[in-house]
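Thanks for coming. I will take one chain today, starting with the whole and then moving to a few residues. Please have a look at it first.

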Amino acid sequence: MTRCERLHMATPENPRITVRGEARVDTAPDLARIGVVLTARGTDRRTVLQDLTRRNATAVDLIRAYDDALEDLETGALSLVPELARRGRGEHVRTFHGVVHLAATLTDFTALGELATRLADLDLTRVDGPWWSIRPTSPVHAEARTEAVRDAVRRARSYAQALGTDLAALVELDDTPPSDEPFDFGGAAPRAAAFGTEAAGDTPPPLDLEPRRQTVTAHITARFTLHPPATL
């Protein structure tokens with residue numbers, strides 16, 4: 001056994017303690033994401049594709065009109081599926097079903113309610129969401145990690161005082177989650193709703209969407225050496 005290995009071993013002259021610090025910080029979300037599903041149906045493939053293209057362009061133009069509030073706009077899956085007749089011989093196409101998926105992320109939640117309402121008022125359009133989240137760069141993540149370290153120090157000192165001694169030095173600080181624990185990014189807390197319309201008329205008043213507060217968690221494992229207790 002090397003000298004380095006002996007120094008890192010817990011001994012009566014060099015007692016050690018390992019504790020786990022935890023923290024939970026509640027905060028308002030930074031972002032809201034909605035999903036938009038555009039559909040078109042018909043017996044003619046080209047007509048269905050044209051309808052789908054037109055509805056996609058209308059939805060994209062509407063979302064981009066909120067550029068000041070728009071964080072990101074993505075186009076997801078596109079599909080145009082022939083549906084065969086259930087009866088009769090041969091492969092007879094009864095109708096075509098086209099779908100386009102969009103995803104928009106916004107930072108202005110007042111604009112979010114108005115946009116969601118206007119999108120849901122479009123023909124054959126479904127809106128899902130919103131999903132609230134915090135930016136990965138938000139300072140609240142550092143706040144949670146700092147509080148987790150403080151919690152670990154408080155716990156370790158409490159144990160040390162129960163032994164009639166105090167902490168000597170920090171040996172290790174580890175924020176790697178245990179293998180049996182899923183890592184929590186403190187991200188999206190889903191709050192999903194679906195709404196849509198089949199025919200557009202006068203635009204209804206904007207939805208009042210209340211942001212859902214997010215919880216960021218942090219966990220830390222800390223190892224300390226202790227001054228040898230006088231007595232046990």
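Let me begin with the surface. The accessible surface of the chain is about 14,500 Å², and carbon and sulfur atoms account for 50% of that. Accessible areas here come from the Shrake-Rupley method with a 1.4 Å probe, and for residues only the protein chains shown count as cover.

A word on the source. This is a predicted model, in which local features need pLDDT of at least 70 and side-chain atom pairs count only at pLDDT 80 or more, while totals for chains, interfaces and linings use all residues. Residues are numbered from 1 along each chain as its sequence is written, and side-chain values use heavy atoms, with hydrogens and water left out.

Now the overall layout. The chain has four helices and eight strands, and from the N terminus their order is α-β-β-α-β-β-α-β-α-β-β-β. Helices (H or I, at least four residues) and strands (E, at least two) are DSSP runs, numbered from the N terminus. Of the 232 residues, 35% count as buried. Buried means under 20% relative accessible area, exposed means over 50%, and partly exposed lies in between (1.4 Å probe, protein chains only).

Contact means heavy atoms within 4.5 Å. Among contacts between residues at least 6 apart in sequence, 82% join residues at least 24 apart.

Val99 gives a local case. Val99 sits in strand E4, residues 93-106. Is Val99 buried or exposed? Val99 counts as buried, because its relative accessibility is 11%. Beyond its neighbours within four places in sequence, Val99 is in contact with Val37, Leu38, Thr39, Leu52, Ala77, Leu78 and Ser79. Take Leu38 from that list: Val99 and Leu38 are 61 residues apart in sequence, yet their C-alpha atoms are 5.6 Å apart in space.

Leu124 is in the loop between helix H3 (109-120) and E5. Its phi is near 45 degrees, a positive value in a residue other than glycine. Leu124 is partly exposed, with a relative accessible area of 25%.

Strand E5 covers residues 125-133, and Thr125 is in it. Thr125 is buried, at 4% relative accessible area. A polar atom of the Thr125 side chain lies 2.8 Å from the backbone oxygen of Asp123.

Last item: which two residues does a cis peptide bond join? They are Gly129 and Pro130, with omega at about 0 degrees. Pro130 is also in strand E5.

Notes:
Polar contact = N/O pair within 3.5 Å; in protein donor to acceptor, adjacent residues only side chain to side chain.
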